[in-house]
Amino acid sequence: MPLPKPSFLPGLALILAGFAGADDDLNWVDRESMEALPPVLQRPIPVWCSGIYYNPRVGMPAERSDTVITADRTSLTQDGLIEMGGDVLIEEPGRRLTTQSALLDQSSGKFQVDNDLRLETDQFTFLADGMSGQTDRREVSLDGVRYSLFGPGARGTADYIDLVDNFVTIEQGSYTTCPPASNGWQLNGRQIRLDRSQGWGEARDVTLRVKGVPVLWLPWITFPIDDRRKTGLLFPTIATSDSGGLDVTQPIYINLHPQMDATVAPRYIDGRGSGLETEFRYLNRFGLGQVSYGVLFSDRQFNDENREVASWRHSGSVRRWQLTADVNYVSDDFYFKDLDTGLEVSSQTHLPRLGEARYYGRRWQALARIQSWQTIDPTLPDNLEPYRRLPQLQLSGDPQLFGPLHGLWLSDVTAFDRADNDTSNNPTGARVHMAPGLAVRLKKPWGYVEPRARVYHTRYQLDDADNSADPTLTTWGASLDSGLFLQRDTSLFGRGYTQTLEPRVFINKVAYEYQDDLPNFDAGELTFSYNTLFRENRFIGYDRIGDEEKMSVGLTSRFLRSDDGREQLRLRVGQGYYTGERKVQLRGREPDDADQTPMVADARWNFGHDWYLYSEGQWDTHANQRQRSSLRLGYTDRERRVLNLGFHDLAERDIQQSEIAAIWPIHRNWRLIGRWLYDLENQRTLETLAGAEWRNCCWKIRLVSQRELVDDDGNGTLEGDSTVLMQIQMTGLGGFGGRVDSLLERSIPGYRSEYD
């Protein structure tokens, strides 16, 4: 007959959930043993590990279930003492305790186990020489403990463990994620206290051992034991470069609030001096953001001047409003060329200073923006620096008027200014641009037709000019966009597909108006591609409205897999045909009298599950010559493998570049890291990245060397600069050299540090 359910068994489970294999008796399962299990019980083993901790004999815990106690013999005395002996088993779903003898005093709630015991759950295995405690007060004491935790894949020992409510005290404890019989690294602490209610722990007299050799001793440390953050030291970043020599950064994490934290990182560069990097993160009802600041004091290689960098980024929303801020500052033009920094900054040529609010309604959208730039390219003349927008206000929408008839509205008011130190004499002032129109949208599942008509009006109020001299522009445009959606079922290589055929015809006319007397605050030309064939205005910005009479013809075909709808192949080809010349041009160029655009075609083939091939080409049909071509082959399994092969040829600009970038395993424990960017036109290497990674259950070690051409003096002369970075990570504990991850994410498309 089952005995009354003792409450100390769930209490023991709480102990092991708070601290993190070992021998086979701690349920280490190697690959051969895993493959021998029924398929429904098998679990994946990381390729770099020889096994995992896992117990298929224990099911999932249940919230309400009886506890069954069996033993070869039991006795119950008059004072309520229960004695159990001979193969004692205390079991409930998800947990089981086995021992040879146990005592339970029902009147006081005390229990005693004076021999070896084994506690198993779906999350851990727990072995001890003895156990005692009191069920009512939730107190448990254990002697001679060995444990394994399945989640982090960790094991350890302790001479003594004491649990009182949410407090756990461990005497002479150890912890490692290394597999059985391995002593790669291990943490030992004379005393460890865990506070489960606060989510933190502290340890005294802590020693980190590598291969059994003590390498680090700390008298006292604190650390988190769950997802809650805890103030403390992070592991340092150590690097070396040609320009600065040894570079050491030691970050300190500060948990200020559940929705605020900070990192302070003292930095020392042997050839330059010392500095500090800081970052503050926050989360509130307006969104999330971070504020960063870094300084290098008295750089010995930069005339003993202080060098600074700062950034504020914010992203959030309030109801239908989206709020964005991106504000950056750097003290000099050469900061990013001289000092690699962990602070993320958007650009290394123009640093944005942006604040904007966007409203998204069902039919109307609004924008309020202020924007300026800090140019850090010393070779750029003042007259080519971008304008400030102080401010920009925009309203756009497409309200439905009647049936398929829609109104079109765009209005933009912007005040443009120049930097305080500008000497270009470029005009400044305000611009008002409006583009009202009408559209008729006729759509069916098999196709669509949409005629549009717009009026473009732009008015300027320039500084230091008479009102009568303020220029204006009024012109009009009309377009007709039409397309068909045709499809059929087909099969290729034994697989069913839905093939689409999507022809598109776009006719556009914009009347010519003289615009050479208008200032150019933000007009520019887009890089020609398939999508630009179907634009109403061939310029971006509102200072130029490009005159044209054009018909663009495009054809798209897709192959969609019948079983899951995934796009396997997409083919596109298109070309535009002009009537007359395009007189409106930028920077005083002559009118363009070509009667057609280059033919542009692109293709994307998603073959296999993780591979893709993308190719684009542009062909001048008049001159019968190639203008531009590119080819990219990419692969990522989102775990260990990343490969990118690329070739770019811009014949009109005499640019030919090839690129190879990869992280690829050559062994269960080894991966090679590499990137090679080569200038075929000038026959020189622009950048190389070479390294290797070794990893097993308890270590990950990376060594990466980077060499790139940089313009240190700002005179246009490129010289090689080399940097060596090392990353050492102890699985489940942290590691040195976190800057390696940001370097790989920046250099190898498709790589994400979270995949590792």
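Which residues form one aromatic cluster together with W605? Select W605, F607, W611, Y635 and W664 in this predicted model: these residues make up one aromatic cluster.

Next, display the whole protein chain. The chain contains 4 helices and 51 strands. Along the principal axes, its C-alpha atoms fill a box of roughly 110 × 70 × 50 Å. The radius of gyration of the protein chain is 34 Å, whereas a compact globule of 756 residues would have one near 27 Å. Of these 756 residues, 43% count as buried. Colouring by charge brings up 84 positive and 107 negative side chains, with the centres of the two sets 5 Å apart.

Now turn to the aromatic rings. The whole structure holds 18 aromatic pairs. Select Y387 and F521: the ring centres are 4.9 Å apart and the planes stand at 80°, so this pair is edge-to-face. Y387 belongs to the loop between strand 27 (364-375) and strand 28 (388-397), and F521 to the loop between strand 37 (495-510) and strand 38 (524-525), so the pair ties together parts that are 134 residues apart in sequence. Y387 counts as buried, at 7% relative accessibility, and F521 also counts as buried, at 7%.

Y460 lies in strand 34 (residues 447-462), 61 residues from F521. Both Y460 and F521 are buried.

Finally, select two arginines placed over rings. R307 lies over the face of F302, 3.9 Å from the ring centre. R582 lies over the face of Y578, at 3.6 Å from the ring centre.

Terms used: Residues numbered from 1 in each chain as written. Heavy atoms only, no water. Helix = DSSP H or I, 4+ residues; strand = E, 2+ residues; numbered from the N terminus. Rg over C-alpha atoms; globule rule 2.2 N^0.38 Å. Buried < 20%, exposed > 50% of the residue type's maximum accessible area, 1.4 Å probe, protein only. Lys, Arg positive; Asp, Glu negative; His and termini not counted. Charge placed at Lys NZ, Arg CZ, Asp CG, Glu CD. Phe/Tyr/Trp six-rings, centres within 6.5 Å; stacked < 30°, edge-to-face > 60°. Lys NZ or Arg CZ within 6 Å of the ring centre and 35° of its normal.
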